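Subject: Handing over the structure, with notes

Dear colleague,

I am passing on the structure we spoke about, and below it you will find my notes on what turned up when I went through it. Please read them with the model open beside you.

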Amino acid sequence: MDTSILAFLAQDGLTTGAIYALVALALVLVFSVTRTILVCQGDFVTYSALTLATLQLGLVPGTVWLLMGCSIAACLLDCGCALKHRHWRQIPGLLVRYLSLPLVLCGVASYVDLATLPAALQIIMTLAIVTPLGPLLYRLVYQRVAETSVLLLLIISVAVHIALVGISLQMFGAEGVRTHALADTVLMLGDLPVGVQSLLVIASALVLIGLLYAFFGHTLYGKALRATALNRNGAQLVGIPTQLAGKSAFGLAAFIGAVSGVLIGPLTTLYYDSGFLISLKGFVAAIFGGLASYPLAAVSAFLVGVLESFANYGASAYKEVIVFTLVIPVLLWLSLKNPHIEEQH
Amino acid sequence: MTRRLLPLFLLLLAAGLAPQVLPAFHVTLLNYIGLYSLVALGLVLMTGIAGMTSFGQAAFVGIGAYATAVLTTQYGLSPWLGLLAGLTITLVIATTLGLLTLRLAGHYLPIGTLAWGLALFYLFGNLPGLGGFGGIQNLPDIRILGWDIRNDADFTLVIAVALVVSIWLLDNLLHSRQGRAIRTLKESAGMAEAMGINTARSRLQVFIIAAVLASLSGWLYAHLQRVVNPTPFSVVMGIEYLFMIVLGGVASLWGALLGAALLTLIKQVLQDVLPQVFGHSDNFEMIFFGVLVILVLQYARGGLLPVLRACLPAPRPQPLPTAKAPALPKRPVPPRGAPLLEAEGLVKRFGGLVANKDMSLKVNGGEITALIGPNGAGKSTLFNLLSGVLAPNDGKITFLGQRIDGLSPRAIARLGVSRTFQHVRLLPEMSVLENVALGAHSRGKAGLLRSMLHLERGEEAALLTEATRQIERVGLADYLHTPAGSLPLGQQRIVEIARALCSDPLLVLLDEPAAGLRYGEKQALAQLLEQLRREGLGVLLVEHDMEFVMALSDHIVVMEFGQRLASGTPLEIQENPAVLAAYLGGIE
C-alpha cells in the first residue's frame with residue numbers, strides 16, 4: 001500500500017466518517033432528549049438523497065405524499081384531542097399549522113417544472129419535505145409512549161424503521177441512485193487530489209457539530225431539552241413543554257439527516273434500504289461516545305469511517321464484520337466504566 | 001397439574017391430526033409456525049421475562065443450521081452429529097457472547113445483540129466453506145429408529161414434540177426456585193442480589209437457553225428446507241422474532257406461539273391479498289408489520305395474549321404443596337448478647353460530600369438496635385455500607401468476627417444478614433408467597449436442569465412451606481396468593497420483612513419498617529420484632545417513629561451529619577442534651 005492509496009483511503013474514510021458523524025450526532029441528540037434510539041435516522045438520509053434525485057429527474061417524489069399523509073394523520077389526532085376537550089377554537093389553527101406546508105409543496109410539485117429548478121431550490125425543497133417528517137413521526141408514534149422504558153422505545157424505533165424501509169421501496173423503487181454533485185472540482189494538494197465535494201461534506205459536518213455543541217452546552221433552550229431527557233416530570237414541573245422538546249429533537253434530527261442525504265447523495269449510490277447500515281455505523285460511533293458526548297461521538301464517527309475504508313481495501317468481505325465486532329469491546333468498556341445494572345425502569 | 005399439561009397434549013394431538021386433514025400448503029405453514037415458536041419461546045424467557053432484549057436470535061438459528069449443513073453435506077456425517085455440533089458451537093458462542101455482553105446495562109445490550117447479529121450474518125455469507133450467499137444444498141433426511149423424517153407431515157410431528165417438550169421444560173423452570181430468580185432480573189436485580197441470588201449467572205443461563213432453542217430450531221429448519229443460506233438468519237429475521245413476541249405477548253410462553261402464528265399467517269394473507277389489490281406485494285408486509293407493532297405497543301403493551309386472557313376466567317392459584325415438607329436446616333444462633341456486627345471508623349465520600357465520617361456501630365445478637373437521626377444524617381448510606389451495596393472508603397465492618405466490608409451484597413446475605421428496603425422492592429405481579437420465597441433462595445440448591453425437569457419438588461415444597469410459615473408469622477396468611485403489588489404500602493413492608501426472615505438470617509436490617517403502618521399494625525410489628533429478639537436474632541432498624549423506637553429498642557445510635565452523635569439505652573438517649581439539641585433545636 002503506497003502513500004497515494006493511503007491518502008485516498010483516508011480521504012474516502014473521512015468523508016463517509018463525516019456522514020456517520022452527522023448521524024451519530026442526531027442519535028445522541030434524540031437519545032439525550034427523548035431516550036429514544038432513533039434507528040430510522042439513516043432512513044432520513046436515504047429519503048433525502050432519493051427525494052433530491054427524484055426532483056432532479058423532474059418527477060414528484062413520493063415523500064411529498066408521505067408528508068401529506070402524515071400531516072393529515074397528525075392533524076386528525078390533534079383535532080380529535082381538541083374536540084374531546086371542546087377547544088373548538090384551536091381547530092382552524094391546527095389545520096393551518098399542519099396542512100399549509102404540505103399543500104404548498106404539493107402545489108409546487110404539481111405546477112413547477114422540477115427538473116429546471118436551480119439546484120439550491122431543489123435542495124431547499126428536499127429539506128422542506130424531509131425535515132417535517134421528524135416532528136410528525138414524534139407526534140404519530142412516540143408522543144403516546146414517551147414515558148415507557150428505553151427498551152420499549154427501541155423496539156418501537158425498529159418497527160418504525162421497518163415501516164419506513166417498506167414505504168421507501170414503494171416510493172423510490174429498488175434501484176440505486178446518485179444525485180448531481182454540488183461541486184465536482186478536484187483540488188490538488190501537492191500530489192494529492194482532493195474532491196471539493198468531500199471537503200464540503202467534512203466542513204458541513206464540522207460546522208453542524210460545532211453549532212449543536214454550542215446549542216446544547218450554552219443556550220437555555222438546549223439545556224431545557226437536556227433536562228427533559230433526565231427527568232420528564234421534573235422538566236414539566238419547571239415549565240418545560242416536554243412534547244415540544246421531543247418534537248424539536250426529532251425535527252433537528254430529521255434536518256441533520258436531510259442535510260446528510262444531500263451531502264452524501266453525489267458520493268455514493270444509495271438504495272431504498274441503505275439507511276439501516278448508515279444508522280448502525282452512526283450508532284457504533286454514538287456508542288463510542290456513550291450516547292452522551294457530541295465531540296467523542298463525532299471523533300469516533302470519523303474513526304469508523306476510516307476503519308471501514310481501510311477494511312474495505314484490505315478485507316472487503318469482512319468489512320461489516322470488523323466494524324460491528326468492534327462495538328462489543330466498546331460496549332463492554334462502557335459498562336465496566338458505569339457498572340450500575342440496577343433497576344432499569 | 002392437568003391445567004398445565006392439558007394444553008400441551010392438545011397441541012401434540014393437533015400436530016398429529018393436522019397433516020391428515022389440512023392441505024399440504026397449510027402443513028408447511030404450520031411447520032414454520034412451530035420453528036419460529038421455538039425461537040420465540042427462548043426470546044419470551046429472555047426478553048419478556050428476564051428483560052434482556054435481543055435482536056440477534058436469528059444468528060443462533062443460523063449456527064444450528066450451518067453446523068448440520070456443513071457436517072452432513074461436506075463430511076457425510078449423521079444429522080444427529082450435526083445437531084450435537086450445532087448445540088455445542090451455540091453453547092460456546094452463547095457463553096462467550098453472554099459473558100461479554102450481558103454485563104451491558106440497559107439499552108447497550110440490545111445494541112450489542114444487533115452488532116453480533118450482523119457480524120455473524122456477514123460471517124455466514126463470507127466464511128469459506130459455507131457456500132457464500134448462495135448457501136449449501138442437498139441436506140440429507142433425519143433418521144431415527146429406522147424412521148425417515150422426510151415429508152412435511154413427519155416434520156410437523158417432530159417439531160410439535162420439540163415444541164411441547166420445550167414449553168414443558170420452560171414452564172417447569174418458571175415455577176421453580178431458579179425461575180423466581182429469573183423473574184427478578186427484569187426490574188429487581190439489586191434486590192435479588194441482596195437475597196443471595198447470583199443474577200449474573202441467571203442472566204447467562206437464560207441467554208444460553210434462548211440460544212439453544214434457536215439453534216435447535218435452526219437444525220430442524222435446515223433439514224426441513226434441505227437448503228441453507230444466510231438470508232433467514234439476518235438481523236431482519238432477528239427483528240421479526242422480536243415482533244412475534246411483542247404481538248403475541250412478551251411475558252408468556254403461549255404468547256410466543258400466538259405471535260409466531262399471527263406473524264406467519266398475516267404475512268401469508270398479505271402475500272395472497274396484496275398483489276390482487278395493488279398489483280405487487282413487495283415489502284408491503286413490512287409496512288404493515290411495522291405499523292402493527294407500533295399500534296400494539298401503543299395500545300396493548302403486553303401483547304395480544306393478555307387481551308385474550310382478560311376475556312377468560314382467571315386461573316386458580318396453584319395449590320400449595322400439601323405433602324409434609326421437611327423443615328429447612330437452620331443456622332446455629334450465637335449466644336444472646338454476643339456481638340454480631342461491628343463497624344469501626346467507617347468513612348464514605350461521594351465526591352466532595354462526606355456522607356459517613358468515622359462512624360461506628362455495634363449490633364448484638366438477641367438485641368434490637370435502632371439507628372435514628374434527622375433526614376440526611378447518613379443513615380441510608382450506613383445501611384448500604386453494612387449490606388454491601390456501597391463499599392466504604394475507610395474503616396472496617398465485621399460480622400461474626402469476619403471482615404465483610406468490600407464484600408458483595410450477595411456474599412453478605414449468604415453469611416446471614418438480610419434486609420428490607422426503604423423503598424419497597426417487591427415484584428408487584430408475583431404473589432406474596434413467591435415474593436417471600438425469593439428470600440429462601442440461598443437455602444435451596446436445585447440447579448437449572450433439575451428445576452427444568454421438576455426433579456426438585458421436595459426442596460421446592462420445603463422452600464414454599466418455609467415461605468408460608470414466615471407469611472403466617474407476620475400475619476399475612478390471608479394474602480398468600482395475592483399479587484404483592486395490590487397490597488397497601490404498609491403491608492408490602494411487612495412482606496419484605498417476611499422475605500428477609502425467609503433467608504434464615506442472624507441479623508436483619510430493617511429500613512423504616514413501621515412507615516405507613518396503622519397503630520394496630522405497628523403493635524403487631526413490635527410483637528414480631530420482640531419475638532425475633534427472643535429467638536436470639538440481632539435487629540438493626542432505621543425508624544422515624546420515636547414512640548416505636550423508644551418502646552422497643554435495647555440500644556439506640558443517633559446520627560447527625562454522617563457522624564455518631566450519641567448512643568445508649570432509650571432512657572439515656574432521651575436525656576442526652578446533644579440529641580435534644582439536634583431534634584428540638586438548641587436552647588439559646
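Predicted model: local features only at pLDDT ≥ 70, side-chain atom pairs only at ≥ 80, totals over all residues.

Helix α18 of chain B runs over residues 457-473, and its 17 residues reach 24 Å from the first C-alpha to the last, which is close to the 24 Å expected at 1.5 Å a residue. How many of the 8 residues of α16(B) are buried? The count is 8 of the 8, so α16(B) is largely enclosed by the rest of the structure. The buried residues in α16(B) are Val432(B), Leu433(B), Glu434(B), Asn435(B), Val436(B), Ala437(B), Leu438(B) and Gly439(B). The cover over them includes α7, α18 and α19 of chain B, together with β8 (417-419) of chain B.

Turning to the strands of chain B, β3 (residues 339-350) and β4 (residues 353-364) pair in the antiparallel sense, and 8 bridges hold the pairing in the model. Within this pair, Glu342(B) stands opposite Lys362(B) in β4(B). The hairpin that β3(B) and β4(B) form has 2 residues between the strands, and in it Gly351(B) takes a positive phi near 60 degrees. Strand β3(B) is also joined to β6 (residues 394-399) of chain B, by 5 bridges, and these two strands run antiparallel as well.

For chain B as a whole, the secondary structure comes to 23 helices and 12 strands, and the C-alpha trace spans about 90 × 50 × 50 Å along its principal axes. Of its 588 residues, 51% count as buried. When the contacts in chain B with a separation of 6 or more are taken together, residues 24 or more positions apart account for 75% of them.

The domain assignment divides parts of chain B into domain 1 (2-235) and domain 2 (361-416 + 505-588). The C-alpha centres of these two domains of chain B lie 50 Å apart, and where the domains meet, 5 residues of domain 1 are in contact with 6 residues of domain 2. On the domain 1 side of that contact, the residues are 2 nonpolar, 2 polar and 1 charged by class.

Is Arg201(B), which has 12 C-beta neighbours inside 10 Å, buried or exposed? Arg201(B) counts as exposed, because its 12 C-beta neighbours inside 10 Å place it in that class. Arg201(B) lies in helix α9 (residues 199-225) of chain B, and while Arg201(B) and Met244(B) are 43 residues apart in sequence, their C-alpha atoms are 27 Å apart in space.

Chain A, for its part, has 15 helices and 2 strands. Its radius of gyration is 21 Å, which agrees with the value near 20 Å that a compact globule of 345 residues would have. The C-alpha atoms of chain A fill a box of roughly 75 × 60 × 35 Å along the principal axes. Among its 345 residues, 46% count as buried, and of the contacts in chain A between residues at least 6 apart in sequence, 78% join residues at least 24 apart.

Finally, there is the place where the two chains meet, to which chain A gives 41 residues and chain B gives 38 residues. On the chain B side, the elements that give two or more residues are α4 (79-101), α5 (108-126), α8 (189-194), α10 (235-248) and α12 (284-299) of chain B. Which of them gives the most to the side of chain B that touches chain A? It is α5(B), with 11 residues. By class, the side of chain B that touches chain A has 24 nonpolar, 11 polar and 3 charged residues.

With best wishes

Conventions. Residues numbered from 1 in each chain as written. Chains lettered and ligands numbered in written order. Helix = DSSP H or I, 4+ residues; strand = E, 2+ residues; numbered from the N terminus. Rg over C-alpha atoms; globule rule 2.2 N^0.38 Å. Buried ≥ 20, exposed ≤ 12 C-beta atoms within 10 Å, placed from the backbone. Contact = placed C-beta atoms within 7 Å. Nonpolar A, V, L, I, M, F, W, Y, C, P; charged D, E, K, R; others polar. Expected span 1.5 Å × (residues − 1). Domains from an automatic or database assignment. Pairing = 2+ DSSP bridges.
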